[in-house]
Amino acid sequence: MEESLSLPMVKTGRILRRSIYTFLSNYQYFTSTALLLIPFSAPLLLSQPLVPYASILPSIHNRLQALFFAAGFPPTSEMFKILSLKLSQTITSSILALPFTLSFLLIAKASVIQALNHHHKPSSKLKFSCFASLYASLLSTQICNLLVILSANATCFSILFIAFNILQGFDIQLSPTSTLFLSATAAVFYSIILANAIIICNLALVTSGMEKSGGYMSIIKACVMIRGRNSTALSLALPLNLTLAAVEALFQYRVVGAYYRTGVPTSSMALEWMFIAYLYSIFIVLDTIVSCLFYKTCTTSFRIKDQAGRYSYRIDIAELEEQSNSFTNVKT
């Protein structure tokens, strides 16, 4: 087995600065790409205030509550009541936005990955033929990503199920304070597991686009590449996700709040909706650029060889160059 050489972790600020520089250097191209994301961002923003009125929400919420109750979670815990409600709303919103996720979002990501996968400067004119070839690999990887997210949720709930049933098996009576503490610990544990799963899925999408090979193998490569870099990946994802959450809050305040006050949709609301959706799309493009540059800091070569029915892996690690797109391979 080959020994891997550990390199110093690339600082988060360095990747973010390089990502912003890349975005501004090709501003026209990437802002044009953001236009492709408006058909995804606009329904996604609108789906959140519409979720409480969705016909499938009560069914999902009741099934989750029944699942939590059967798993032995404290039925009186406010933490799990809030978790089941928010999880139900997230699942409903994801289902409503799924067609746009599998179409416009993947096409826009393919455009960004195609631009950063070459050493020449991206053309300011979007050419569908340049990134359409990547769509199939991204689509297969995205479908596998959905299965990974479902598996991560199932695994997390199984671990929590075992933990709470062990407490019940020993007939341990928990005080309200202890129940609240355990519920908060379980919520933090669930958030960490889900955050790492989402980061791996995002890196797998970039890997499939860069290497033009989709499916479960991109997820395996992403899991290997992210080893030892979890803190960097989390610190990169945190500011961007907070920014996207802030844009969503802006939509709730400016558009949804205005509609609830007047009760009648107006043209100004529609214009603000489109503007906020475009702003949301720009940050998604920036998030994809960050993921691409993070991928380039992790590896420039990932080859899988089949030898006597067994897989052997070789990972060449490279650091991000500040002034050029060249990378130095480190043999393992």
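The model is predicted. Two salt bridges turn up in a search of the whole structure. Helices α2 and α9 pack with their axes 11 Å apart. Ile-276, in helix α10, is buried.

**Salt bridge Glu-211 to Lys-221**

- Side chains of opposite charge can pair when their charged atoms come close.
- Glu-211 and Lys-221 form a salt bridge through their side chains, with 2.6 Å from N to O.
- Glu-211 sits in helix α7 (residues 176-211) and Lys-221 in helix α8 (residues 216-225), so this pair ties together parts that are ten residues apart in sequence.
- Is each partner buried or exposed, or in between? Glu-211 has a relative accessible area of 24%, so it is partly exposed. Lys-221 has a relative accessible area of 8%, under the 20% cut-off, so Lys-221 is buried.

**Salt bridge Glu-272 to Arg-254**

- The side chains of Glu-272 and Arg-254 also meet in a salt bridge, at 2.7 Å from N to O.
- This pair links distant parts of the chain, 18 residues apart. Glu-272 belongs to helix α10 (residues 267-298), and Arg-254 belongs to helix α9 (residues 230-262).
- Glu-272 is partly exposed, at 25% relative accessibility. Arg-254 is partly exposed too, at 38%.

**Helices α2 and α9**

- Helix α2 covers residues 27-50. Its angle to α9 is about 60 degrees, so α2 is oblique to α9.
- The crossing of α2 past α9 is right-handed.
- Which residues of α2 meet α9? They are Leu-45, Leu-46, Gln-48 and Pro-49.
- On the α9 side, the residues are Glu-248, Phe-251, Gln-252, Val-256 and Tyr-260.
- Sorted by class, this contact has six nonpolar residues, two polar and one charged.

**Ile-276**

- Ile-276 is found in helix α10. Its relative accessibility is 2%, so Ile-276 counts as buried.
- What does Ile-276 touch, apart from neighbours within four places in sequence? Its contacts are Leu-45, Val-247, Leu-250, Phe-251, Arg-254 and Val-255.
- One of these contacts, Leu-45, is 231 residues from Ile-276 along the chain. The C-alpha atoms of Ile-276 and Leu-45 are separated by 8.9 Å.
- Leu-45 and Phe-251 are also among the residues where α2 meets α9.
- Arg-254, another contact of Ile-276, is the salt-bridge partner of Glu-272.

Key: Residues numbered from 1 in each chain as written. Predicted model: local features only at pLDDT ≥ 70, side-chain atom pairs only at ≥ 80, totals over all residues. Heavy atoms only, no water. Salt bridge = Lys/Arg side-chain N within 4 Å of Asp/Glu carboxyl O. Helix = DSSP H or I, 4+ residues; strand = E, 2+ residues; numbered from the N terminus. Buried < 20%, exposed > 50% of the residue type's maximum accessible area, 1.4 Å probe, protein only. Axes fitted to C-alpha atoms, helices over the stretch in contact; angles between N-to-C directions. Parallel < 35°, antiparallel > 145°, perpendicular 65-115°, else oblique. Left-handed = near helix turned anticlockwise from the far one by under 90°. Contact = heavy atoms within 4.5 Å. Nonpolar A, V, L, I, M, F, W, Y, C, P; charged D, E, K, R; others polar.
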